[in-house]
Amino acid sequence: MQQKIVLIGGPGTGKSSILREFIKRGYECMPEISREVILKAQKDGIDQLFLEQPLLFSQLLLEGREQQYLEAHQSDAEVIFFDRGIPDVHAYMNYLGSDYPEVFIEKSNKYLYSKVFMCSPWEDIYKSDNERYETFEQSVKIDTFLKEAYKEVGYNIIDVPFGSVRERCDFILHSLKYDV
């Protein structure tokens with residue numbers, strides 16, 4: 001049975017670096033799609049889609065993450081890693097204090113992941129860039145909303161310890177092997 005493993009955490013917590021390492025190791029991975037959505041919106045003249053139209057941004061993310069899940073389901077890979085999952089969408093809406101349709105929660109309950117690994121905010125590695133506008137303090141706050149959203153869906157969250165990218169990947173693989 002295929003294991004769908006999702007990496008969660010606030011912005012700048014090392015998820016994408018871990019995913020790149022898994023790709024190097026030959027694992028199938030589904031990248032974070034919010035950067036694609038942000039860059040497309042910027043090309044269309046919307047500088048900060050998440051801030052200017054959070055519901056539209058979130059709907060686009062939900063569609064993209066659902067598509068990733070369905071693509072993964074068609075794969076023969078035994079393990080597939082996701083940089084963020086479907087519950088991230090309503091977690092961010094909760095962080096903003098925005099209303100959203102019930103379908104956000106329905107899809108979080110419909111498309112389930114095998115395990116959830118949390119990369120906590122880590123100031124030593126945090127960097128902002130053109131698509132990551134949140135401060136480190138905001139990343140810490142977002143982290144709490146992510147934990148809450150995943151726990152509401154019923155997930156047991158496994159905390160990934162700080163360390164090198166290699167050490168963090170090894171921890172995750174070890175956890176999968178021994179079914180933590």
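Which residues in H2 meet which residues in H4? Here is a friendly walk through that contact and the rest of the fold.

1. **Ground rules.** This is a predicted model, in which local features need pLDDT of at least 70 and side-chain atom pairs count only at pLDDT 80 or more, while totals for chains, interfaces and linings use all residues. Residues are numbered from 1 along each chain as its sequence is written, and side-chain values use heavy atoms, with hydrogens and water left out.

2. **The H2 and H4 contact.** To take up the opening question, Ser34, Val37 and Ile38 in H2 meet Phe57, Leu60 and Leu61 in H4. Contact here means heavy atoms within 4.5 Å. By type, the residues of this contact divide into five nonpolar, one polar and no charged. Ala, Val, Leu, Ile, Met, Phe, Trp, Tyr, Cys and Pro count as nonpolar, Asp, Glu, Lys and Arg as charged, and the others, Gly among them, as polar. Helices (H or I, at least four residues) and strands (E, at least two) are DSSP runs, numbered from the N terminus.

3. **How H2 and H4 cross.** The axes of H2 (residues 34-43) and H4 (residues 54-74) come within 10 Å and cross at roughly 135 degrees. Axes are lines fitted to C-alpha atoms, for helices over the stretch in contact, and angles run from 0 to 180 degrees between N-to-C directions. The two helices are therefore oblique to each other; angles under 35 degrees count as roughly parallel, over 145 as roughly antiparallel, 65 to 115 as roughly perpendicular and the rest as oblique. H2 passes H4 in a right-handed crossing. A crossing is right-handed if the near helix is turned clockwise from the far one by less than a right angle, and left-handed if anticlockwise.

4. **The sheet.** In what order do the five strands of the open sheet stand? The order is E2-E3-E1-E4-E5, and the pairing is parallel. Two strands pair if DSSP finds at least two bridges between them. At the edges are E2 (28-30) and E5 (157-160), each of which pairs on one side only. Direction ignored, neighbouring strands of this sheet are turned by 25 degrees against each other on average.

5. **Strand E1 and its partners.** E1 (residues 3-8) is mostly covered, with five of its six residues buried. Buried means under 20% relative accessible area, exposed over 50%, and partly exposed in between (1.4 Å probe, protein chains only). E1 pairs with E3 (residues 79-83) in the parallel sense over five bridges, and glutamine 3 stands opposite valine 79 in E3. Four bridges join E1 to E4 (residues 115-119), again in parallel; isoleucine 8 has methionine 118 of E4 as its bridge partner.

6. **From E4 to E5 and H8.** E4 and E5 run parallel and are joined by four bridges. Cysteine 119 has valine 160 in E5 as its bridge partner. Helix H8 (residues 165-177) packs on the sheet, touching E1, E3, E4 and E5, and its direction makes about 155 degrees with that of E4.

7. **Proline 161.** This residue lies in the loop between E5 and H8. With a relative accessible area of 40%, proline 161 is partly exposed. Leaving aside neighbours within four places in sequence, proline 161 is in contact with Arg168 and Phe171.

8. **Valine 165.** Buried or partly exposed: how does valine 165 count? Valine 165 sits in helix H8 and is partly exposed, at 31% relative accessibility. Not counting residues up to four places away in sequence, valine 165 touches Ser17, Ile18 and Glu21. Valine 165 and lysine 24 are 141 residues apart in sequence, yet 12 Å apart in space, C-alpha to C-alpha.

9. **Helix H5 and helix H7.** H5 is mostly covered: eight of its 10 residues are buried, among them Pro87, His90 and Tyr95. The axes of H5 (residues 87-96) and H7 (residues 136-153) come within 8 Å and cross at roughly 125 degrees, so this pair is oblique too. The crossing is right-handed. Residues that meet include His90, Ala91 and Tyr95 in H5, and Ile142, Phe145 and Leu146 in H7. The residues of the contact of H5 with H7 divide into 10 nonpolar, three polar and three charged. Glycine 97 follows H5 and has a positive phi, near 75 degrees.
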